[in-house]
Amino acid sequence: MKKCLGCGSVLQTTSKDELGYTPKLENDLCMRCFKLKHYGALVSKGKTQDNQSIINKINHKKSFALFITDFLNIYDEIITTYKKIKNPKMLIITKSDLIPKNIKVNTLLNNIKDIYDIKEEMLLVSSNNKENLRKLENICLEKKDVLFAGFTNAGKSSLINALVGSDITVSKTINTTQEFISLHVTGVSLTDAPGFIANTYQSDVPSKTIRPLSYQLSNKYYLKIGNFNLASAADNNLTLYLNNNIHVEKRRIKENLEYGMIIPSRHDLVIKGLGFITFSKITKIYIDIDPEYYEIRPTIIGGYYE
Ligand SMILES: Nc1nc2c(ncn2[C@@H]2O[C@H](COP(=O)(O)OP(=O)(O)OP(=O)(O)O)[C@@H](O)[C@H]2O)c(=O)[nH]1
Ligand SMILES: [Mg+2]
């Protein structure tokens, strides 16, 4: 059984619409990976594996697990999934190149550790600018059998490629990696895993360093953020750490708004898949998106600027 080097699907020549299709079995890549790599083409979503079945498969392996996420994608479901992994593990915050330069990264990591009660070690890395890849390489060399887990688009395959020069398919499309892929390099086994899927407000990948946006809001103004609206009952300073391709506008309020949820001072409103908004003071907010897409936590930023 020959597998696609890009996504791990079993290669087949019979059904064009099924995963792993390639016109010739001599090819190393399935059609989907070929299109993703060469044209960044729109392709089928691929197969979504059930999160619990991925966790079960990981827990059956003996590997040391590196759980990959980035600073915009830290919320309850992600951390709960991290905690379900029983293997010895570490939490890796990747895409450090996206973190605004004014954020103190040590404070960020300590806050994440405290707020989400992370017992294991954490490390900040980036496949793009190679930050701390040497440290990550040393961890792999020491552990010998390492598995990269995390939600779709976290950057798992990119990290493996950056570490060992492999050519696993990387893309903005969800479910890029379809099956577990194991590589054996100089006595070390590295396993890439299919990504977990979360129910997010949006699934897009930021392309450049996040530019924090600060706004002063009174009850006369609201923010239009992409397709939703946000207002604060009390005067407040908000800082938005959101995927930079969303459009934000401050507008005058014209009708009575119903302010519902309380946000304590120095807390973040996390919009899953988009990022988070830090509130400096306690307030009640108005927000018109489904509550399943947001949650509140103490701010991970800490407010200490360099
Ligand atoms: N800015 C930045 N982008 C990155 C980095 N690493 C990965 N990306 C981007 O994130 C997207 C997803 O990367 P992948 O490596 O395919 O993610 P994955 O975790 O393997 O995703 P699945 O296979 O779907 O589970 C791609 O658009 C990458 O270019 C990084 O260090 N910095
Ligand atoms: Mg992948």
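Predicted model: local features only at pLDDT ≥ 70, side-chain atom pairs only at ≥ 80, totals over all residues.
## Domain layout

The protein chain is divided into three parts: domain 1 spans residues 1–44, domain 2 covers 47–192, and domain 3 runs over 213–298. Taken over C-alpha atoms, the centres of domain 1 and domain 3 are separated by 43 Å.

## Contact of helices α2 and α3

Helix α2 comprises residues 51–60 and helix α3 residues 76–84; their axes come within 10 Å and cross at roughly 30°. On the α2 side the contact is made by Asn51, Gln52, Ile55 and Asn59, and on the α3 side by Glu77, Thr81 and Lys84. By class, these residues divide into one nonpolar, four polar and two charged.

## Contact of helices α5 and α6

Helix α5 (residues 133–143) packs against helix α6 (residues 156–164) at an angle of about 85°, and the two axes lie 10 Å apart. Angles of 65 to 115 degrees count as roughly perpendicular, and α5 and α6 are therefore roughly perpendicular to each other.

From α5, the residues Leu133, Leu136, Glu137 and Cys140 take part, meeting Leu159, Ala162 and Leu163 of α6. The contact of α5 with α6 has six nonpolar residues and one charged residue, with no polar ones.

## The magnesium site

Two side-chain atoms coordinate the magnesium ion (ligand 2): OG of Ser157 and OG1 of Thr177, at 2.0 to 2.1 Å. The pair links distant parts of the chain, 20 residues apart, with Ser157 placed in helix α6 and Thr177 in the loop between α6 and β5 (181–185).

Buried means a relative accessible area under 20%. Ser157 has a relative accessible area of 8% and is therefore buried. Thr177 likewise counts as buried, because its relative accessibility is 7%.

## Ile263 and its surroundings

Ile263 is found in strand β12, which covers residues 261–263. With a relative accessibility of 0%, Ile263 counts as buried. Neighbours within four places in sequence aside, Ile263 is in contact with Leu269, Phe279, Lys281, Ile282, Thr283, Ile285 and Ile296.

A further distance relates Ile263 to Lys113: the two are 150 residues apart in sequence, and their C-alpha atoms are 21 Å apart in space.

Key:
Residues numbered from 1 in each chain as written. Chains lettered and ligands numbered in written order. Heavy atoms only, no water. Axes fitted to C-alpha atoms, helices over the stretch in contact; angles between N-to-C directions. Helix = DSSP H or I, 4+ residues; strand = E, 2+ residues; numbered from the N terminus. Parallel < 35°, antiparallel > 145°, perpendicular 65-115°, else oblique. Contact = heavy atoms within 4.5 Å. Nonpolar A, V, L, I, M, F, W, Y, C, P; charged D, E, K, R; others polar. Donors = N, O, S within 2.8 Å, 3.2 Å for Na, K, Ca; no water. Buried < 20%, exposed > 50% of the residue type's maximum accessible area, 1.4 Å probe, protein only. Domains from an automatic or database assignment.
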